[in-house]
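This briefing goes through one protein structure, topic by topic. Keep the sequence and the 3D view open while reading.

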Amino acid sequence: IPTLVIGEKEDRERLIRTLSTSPSAYSLVGELDLSDGKVDLPRLRGTLDETKVRNLILAGAERLTDEEFLDLLRSVRLRKVKLRVVPGAITLLNSKPVLSEDVGVPLFEVGYPRLDNTQQLMKRMLDVVGSLLGLILLSPLLLVVALAIKLTSEGPVLFRQKRVGVDEKMFVCYKFRSMYEDAEAQQAKLEAANEADWAVRKTKNVALITPVGRFIRRWSIDELPQLINVLKGEMSLVGPRPLPLHDFELLSELHKKRLAATPGMSGYWQISGRKNLSFEDMVRLDLYYIENWSLSFDIKIILKTVGTVLRREGAS
């Protein structure tokens, strides 16, 4: 099994010596240091994504705080990576002990809560069914809007922008183009006119928006291509809104806690005031949603979003 080892130098060397002297199914493909007792999460995420490692052994778990360990667990869980730890802080964890006699050292596998996995499956089923139905039922509208955009202004029908999603994974977010082709470059010069007091900068400038764009923004039709992102698993029907890269770079580590969930087309903040809320309010509502998720909560938000859109509350 391709395996990545994390720990301070002494702990890693001790573990690697043990693994090398015992017949084992584990194949070491890399190491990562615990810098000042902390895991370099951005580097870990990059390593996991690059190597496609599906097994991680942590030595010196007792050096991590509960919060740091949970952040690590979240990153590996989202990538379906198995996490095993060398005993030490195991008494703090509700884990399933797995004694690996063939490697010469006892390793404990940290199990993920079954309820959490069930919830994720239910949410994904809702996303797949909802996005498929949406694309099928709304296909006449999508075709008409695409044709209107193509005939009334130069440029592509879809606006593609890199966004930051769950656990800082980047993806390309789709929207109907509502601005002129060179508007994104001009928009950077106009951010001082931003009406919101938070990091997500939604500059409103009529000169940059096409006539068709004003209509589709008013009714939030420009967001509908994100149903493709939902179907691909990059987004969910409900979740924290994904931020553009320049907005993500302004976030503090505390604010990044909202990245623990898959970003959504709609969210709890969207039915609670949208652009009239401060950034801190948005983060607070996103964290509340993450901690209190349920299938009924998602359905409630979806239904309320429809009402919010029809009343044109907070639309651009």
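An angle under 35 degrees between two axes counts as roughly parallel. Helix H2 (residues 41-51) and helix H3 (residues 66-78) pack at an angle of about 20°, and they are therefore roughly parallel to each other. The model discussed here is predicted. The protein in it has 11 helices and 12 strands.

**The whole protein**

- Of the 316 residues in the protein, 45% are buried.
- The protein exposes about 16,800 Å², and carbon and sulfur atoms supply 58% of that area.
- Among contacts with a separation of 6 or more, 73% are between residues 24 or more positions apart.

**The helix pair H2 and H3**

- The axes of H2 and H3 are 11 Å apart.
- The crossing of these two helices, H2 and H3, is right-handed.
- On the H2 side, the contact is made by Leu41, Leu44, Arg45 and Leu48.
- On the H3 side, the residues in the contact are Asp71, Leu72, Arg74, Ser75 and Val76.

- Strands of a sheet pair through backbone hydrogen bonds, in either a parallel or an antiparallel sense.
- Strand S1 (residues 2-7) is mostly covered, with 5 of its 6 residues buried.
- S1 pairs with strand S2 (residues 27-35) in the parallel sense, over 6 bridges.
- One place to look is isoleucine 6, whose bridge partner in S2 is leucine 32.
- S1 also runs parallel to strand S4 (residues 55-58), and 4 bridges join the two.
- In that pairing, leucine 4 stands opposite leucine 56 of S4.

**The sheet S9-S8-S11**

- An open sheet of 3 strands has the order S9-S8-S11, and its pairing is antiparallel.
- Which strands stand at the edges of this sheet? They are strand S9 (170-176) and strand S11 (243-244); each has a single partner strand, so one side of each is left without a neighbour in the sheet.
- Strand S8 (residues 158-164) and S9 are joined by 7 bridges in the antiparallel sense.
- Glutamine 161 has cysteine 173 in S9 as its bridge partner, and lysine 162 stands opposite valine 172 in S9.
- In a regular strand the side chains alternate between the two faces of the sheet.
- S9 is mostly covered, since 5 of its 7 residues are buried.
- S8 and S9 form a hairpin with 5 residues between them. Aspartate 167, in the turn, has a positive phi of about 55°.

- Most residues other than glycine have a negative phi.
- Lysine 52 is not a glycine, yet it has a positive phi of about 60°.
- Lysine 52 lies in the loop between H2 and S4. Is this residue, lysine 52, buried or exposed? Lysine 52 is exposed, because its relative accessible area is 55% and the cut-off for exposed is over 50%.
- Lysine 80 is not a glycine either, and it has a positive phi of about 55°.
- The place of lysine 80 is in the loop between H3 and strand S5 (82-85).
- Lysine 80 has a relative accessibility of 68%, so it counts as exposed.

**Aspartate 222 in its loop**

- Aspartate 222 is found in the loop between helix H7 (211-218) and helix H8 (226-232).
- The relative accessibility of aspartate 222 is 5%, so this residue counts as buried; buried means under 20%.
- Leaving aside neighbours within four places in sequence, aspartate 222 is in contact with Lys175, Phe176, Ile216 and Arg217.
- Aspartate 222 and tyrosine 174 are 48 residues apart along the chain, and their C-alpha atoms are separated by 9.0 Å.

**Valine 309 in helix H11**

- Valine 309 lies in helix H11 (residues 295-310).
- Which residues does valine 309 contact, leaving aside its neighbours within four places in sequence? Valine 309 is in contact with Trp219 and Ser220.
- In sequence, valine 309 and serine 220 are 89 residues apart. In space they are 6.7 Å apart, C-alpha to C-alpha.

Notes. Residues numbered from 1 in each chain as written. Predicted model: local features only at pLDDT ≥ 70, side-chain atom pairs only at ≥ 80, totals over all residues. Heavy atoms only, no water. Buried < 20%, exposed > 50% of the residue type's maximum accessible area, 1.4 Å probe, protein only. Contact = heavy atoms within 4.5 Å. Areas by Shrake-Rupley, 256 points an atom, 1.4 Å probe, with all protein chains shown as cover. Pairing = 2+ DSSP bridges. Axes fitted to C-alpha atoms, helices over the stretch in contact; angles between N-to-C directions. Parallel < 35°, antiparallel > 145°, perpendicular 65-115°, else oblique. Left-handed = near helix turned anticlockwise from the far one by under 90°.
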